Each structure stands twice: as structure tokens, then as C-alpha cells.
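Here are my notes on the two-chain model you asked me to look over. Have the structure open while you go through the points.

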Amino acid sequence: MFMARSKLYIEEHYPSPLKHTWNEFQKSHVSLTGLWLLCIFLVIVIFAPGLAPFDPNKQQVDILLLPPSWDSSGSIQYLFGTDSLGRDLLSRVIYGSRVTLGISILLVLISMLIGLTLGAFAGMGHGLRSSILNHFLDSIMVIPTLLIAIIIVAILGTGLWNCMLAITLALIPRFIHITRNMVRAECNKEYVTAARLDGAGRVRILFDSILPNMIENLVVQGTFALSAAILDISALGFLSLGASATTPELGSMLSDGMELAYVAPWSIALPGCAILLMLVAINLVGDGLRSSLRHRLQH
Amino acid sequence: MMSYLLRRLNLLVITAFIVTVASFALVYLFPGDPLINLTGIVPANSEAYAQLQQEYAFDKNLFMQYVHYIQEIYQGNWGLSISSHNSVLDEILLFLPATLELSVYALVLSTVIGIPLGFWAGLRYQRPVDYGILSASLLGYSLPVFWLGLILILFFSLNLGWLPMSGRISLLYDIPHYSGFILLDILHSGLAESQAAMQDAVNHLILPTLSITIVTSSIVIRITRRSVTEVMESDYIKAATARGLSRGQILWRHGLRNTLLPILPQLVLQFTALLTNAMIVEVIFSWPGIGNWLLQAIYQQDFPAIRGGMLAVSAVVIIFTLSMDVLLRLINPLKDRDVHGTI
């Protein structure tokens, strides 16, 4: 499969768990397409300044609301057309994807780290302390994330930074919840009991036994959190609570284009399509990973 | 069952406690004077301020302030809105039903659409029908609800001119406020033109409900499909097949109930997401609901209103989740399992 193996011995070959997951993942072409799409978006995130043909904030007064190039009155120079201030839409979508996706990835990583730490604490602990933490978490999970974000924005004021803080704080409880449940479930399995009988301490059990078994599941949860983060950050931008109008962020671009939607439908259609494609890619990868994990665990 | 109910009650009390503490903390966390943030009253002079301080126990320690706050909340005094000078609770009671109406219709519609489609996909696991439904649901699940709303407006309201793009009902009709649910109110009003008003209200409802339903039903499809495939692979279904039951018999006698039971709690969990989507959709369609109202409160830095809105929305979610939980437990024959409550 990967390299020529000698067939001298009749020996069954067992791939490592990671490789096994990858093999299962590869079987689904749709998931692979999603992965490629996600890679393209990652390239855009990293190399946005090199890819964008124009400065996203350069206003050209002589070409306001130029239609996209496939329209008969469009120009090939401005592939996606321009917006109401004469800014090149392609460059803005590229930079917007960078801001939206890049920030979301960052936020998910940060909240995953914090959530993992607290969740492991809650999951491994017993007694009153962890019980209080669990009840507290359950109550926080009741409040919709967007409402938490709105309240934090109300306390700190609008802006991209406050928005990022708000979404991180809103994501953390979910990660704590998931980690706690996973740690609880793993703790009851026999290999953990075996490790405990071997005399391993709680920290050691957590890092050597439980975490390696959780990591793929965490990645799956991370992709779901990523799509939630993208939705939240663009929703806050759309409600003009997040990124200011000058920052090219896909959500705030949508609310910018809303007033002129009838004259220039492309100025809301294209940024929205970018968000949609991003989410489709992430959800495809997440779904693919999840089903390949399930297949691996079944066999 | 008794101990189960007690646990739920315990959870309800603790959750309510935490939510009220959080909302009380907001009084101090919001910028500005805590007392003004709490009451919404801007005292004219220092005497009035001192009186207000005494009235709300603000001259005592934090704990007494909190106790007094709870009493005020319980008595329905949620403070005054800074921008409109109306009672926050009254405004919430005016706007919240509009949101609930939208959410309930969307929830019912997504269940009615999502569960059968999910069943169909799950029964045709990994066949063309399954792939078709799965891709459609993935697409629906990935749609940002605010963009979907905009596109629907652009297409159905602006291009085709079939449906109205904003509000709940045309200004021509003056419907007296009764339950806050517009369709019920029209029925109750007994106006001469109630037929036309009904038609108009339904027209206004279609697009917002549709945008929420597309997103939510795709999640319902995914949940149902997974549950159906899991049940259909289980041993008792194989045993039933071995006994010679037909596919329809298997589905009706063994499949249906065992699939629906795990789905329902997950559907309840989706209510939070649905409410969030409803609040966003309201802004796009200028629907006079709590989401729109909260957002205006934020733009105008109306802190009593934000606090009240948070309290009201959390209360709705808590009450809905817990009551559905108890209800599902009552109809669930496996009720003696997992006693520990989570929301």
C-alpha cells in the first residue's frame, strides 16, 4: 500500500492508528475534496498579500460598483468587480477569508488548549469541586454562544479584538464539556485500570493513556468548533459588533453590501459564497474524520 | 422517578442561581454607574441618588444587594430601559413572543421535514438517495443563516416580488396585542378583514421561517440519519431479519421507536442554536423580536435592557430544555438509566 513490503512471511500488517485513520479518510473522495478545498483556503490565509491583485482598501472613485468579469459590462482586470467605494472585490474576499478563517483557527486553538486543561481537571477530579464545576458548565452551556458574545461586546465595546475574546470565551465551555465527557468515558475503560494497577499516577494516566486516545476525537470536535467560530465571527461582523467596516472581514463585507444589494447583488453573493465554501470544506473534513474514526474503532 | 425529579429541580435551582448571579455581575461589569445600570433611572441630584441607593440596598454589602436584586426580579421590576424609559420586563413580554413564534414554527417545520428525510437517507445507507440527502444537508448545515436570509430576500422579494421583505404584518392591519403570537392574535381579534390579515401575516412569516428551517432541518437530518443507520446495524434488527420479518415490519415494530428515542434529546439541544439563528434572522427581516430588540439595546448602550434580555433568553432556554427533558423521560421506557442530569 505504501511501499513494497516483502511477501516472504505470511504476516498480517497492522497500520498505526493514525495511518489507519488516514487510510479510511482517503477512501472517501468527497472528504478528500474537502481537504483540498481547506488546503486552498489555508494557502489563501497564509499568502493573501501575494495573491490579492490590489490593495483591499484602495478606493477607485472612477469604477464604483463594477460588475464581475463574467458580466457583459465587467472588466477582466477586476475579476469579482468592485464595491460601492470602488474597492476590488476579489482582493477584499481574499483578505476577508484571511481575516475570518485565520482568526477562527487561532481562536479554536486557544480555546481548545484552555478547554482541554480545565476539562481534564473536571473529568479526572471527583467530589465537590468537580461537581460544582460541572453544574457551572451545564448552566453556561444553556446560554446561546451568540448571546455570550453579545454581552461581552456590550461590556468591552465593539471591535475585532473584543469580538475575538468573546468568541474564545464562548467556545471554551464547549471544549471543557467535551473533554470532561471523553475523559470520564476513557477513565472507565480497562486499559486505564491496567495503567492504574501498574501504579501510574493521575497525571501520568492523563498524559500517557487518555490523551493519545482522545486526540483524534478532539480534532473532529475542533473542526466543528472551527465552523461555529467562523459563523460567530462573521455573524458578529454582520451585526456590526465585530470588525470595523475598513477591516476586510467577510461578515462585515456582507453588511456593507446589504444597502446596495439590489444594484450590486454580487457584493453580497461573493463574500457569502466564500464563507459557504469555507464551511463546506471544514464540515466535509470533520465528517470524513469522524466517520473514518468510527470505522477504525469498529474494525 | 422521584429522585430524578429532585435532581432536575436541583439543576434548575443551581442554573437559575448562576444565571441571576451572572446578570447581577453585569451591573458592575458594564461601563458606568452600577446603580444606573441596575435601575435605568438617572437620578437628578445627589439626594435622589442616595434615596435610590437605599431603595435598592446599594448602601449594604454585595450579598444584600444580590438578595434585593432577586426580590426585584421576582416582583417583576427588571429596571427601566435607558433609551425608551419603559419597564424592561414589559418590553421583553412584548418582543419575546414574536421570537418564540418564529422559533416554534421553524422547530416544528424542521422536525417535520428533517426526520422523514433522515429516515429515508438512513434506510438507504450509502446509496444514491442517501448521498443526495446527505450532500443537501451538508450544504444546508454550512449556510450562514444571515447570508441565506439576504439571498432569499434578494431573490423572492426584490427580483420576483412575491413576498414582503420585512416586518411581521402590513401596516394596514391593526391587530390588538393579545398573546403576542401574530396568527393567534388575528384569530382572536375577530376583525372583518382577518382573512386578508392572516394571508398577509403568513406571507411575512414564510421567508424568515424558511431561512431558519433550512439550517435547522439539515442538522435534524444528520442526527436522524446517524441514529437510523446505527439502529439498523444492531443485532436485534439482524435477529428480526433472520426471523423473516419484512423490511416494513422491522421498521415499524423495532426500528422506529428505538431510533426516535435517542434523537429527541438531541433535538432539544438544538433549540439553543435555533434561538440564536432566529435572533440573527430577525435583524435581517426587521422582525420585531427579542434579537432585534437586544441589538438595538447594544447600539444604544442600554444596559438594563441587555441584562434583562439575557435573563429572559436564558430563562426560556432553561425552562424549555428542562421541561422537555422531564417530558422525554416520562415517555422513555429506559428511564431508570443515567440518573445524573446534564442540560
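1. Reading chain B from the N terminus, the order of elements is α-α-α-α-α-α-α-α-α-α-α-α-α. That comes to 13 helices and zero strands, where helices (H or I, at least four residues) and strands (E, at least two) are DSSP runs numbered from the N terminus.

2. A word on what you're looking at: this is a predicted model, in which local features need pLDDT of at least 70, side-chain atom pairs count only at pLDDT 80 or more, and totals for chains, interfaces and linings use all residues. Residues are numbered from 1 along each chain as its sequence is written, chains are lettered from A and ligands numbered from 1 in the order in which they are written, and side-chain values use heavy atoms, with hydrogens and water left out.

3. Now the overall build of chain B. The C-alpha trace spans about 85 × 55 × 40 Å along its principal axes. Chain B splits into domain 1 (2-74) and domain 2 (98-283), with bounds that come from an automatic or database domain assignment. The centres of these two domains, taken over C-alpha atoms, are 38 Å apart. Of the 343 residues in chain B, 47% count as buried (buried is under 20% relative accessible area, exposed over 50%, partly exposed in between, using a 1.4 Å probe and protein chains only).

4. How much area do chain A and chain B bury between them? The figure is about 3,900 Å², and 78% of it is on carbon and sulfur atoms; buried area here is the accessible area (1.4 Å probe) that two parts lose on being put together, summed over both. In residue terms, 40 residues of chain A are in contact with 43 residues of chain B, contact meaning heavy atoms within 4.5 Å.

5. Between chain A and chain B there are five residue pairs in polar contact (both at pLDDT 80 or more). A polar contact is a pair of N or O atoms within 3.5 Å; within protein, one must be able to donate a hydrogen and the other to accept it, and residues adjacent in sequence count only if both atoms are side-chain atoms. On the chain A side, α10(A) gives the most, with 14 residues. By class, that side has 29 nonpolar, seven polar and four charged residues.

6. The count of salt bridges between chain A and chain B is one, a salt bridge being a side-chain nitrogen of Lys or Arg within 4 Å of a carboxyl oxygen of Asp or Glu. R222(B) pairs with D287(A), and their closest N and O atoms are 3.0 Å apart. Over all chains, the whole structure has eight salt bridges.

7. Have a look at D130(B) and R225(B), which form a salt bridge with the closest N and O atoms 2.6 Å apart. D130(B) is in helix α6 of chain B and R225(B) in helix α9 (residues 194-232), so the pair ties together parts 95 residues apart in sequence. D130(B) is buried at 0% relative accessible area, and R225(B) is buried at 14%.

8. Two backbone spots deserve a glance. Most residues other than glycine have a negative phi. H85(B), not a glycine, has a positive phi of about 60 degrees; this residue sits in the loop between α4 (62-74) and α5 (88-123) of chain B and is exposed at 57% relative accessibility. Q126(B) also has a positive phi, near 60 degrees, and lies in the loop between α5 and α6 (128-142).

Technical notes:
Nonpolar A, V, L, I, M, F, W, Y, C, P; charged D, E, K, R; others polar.
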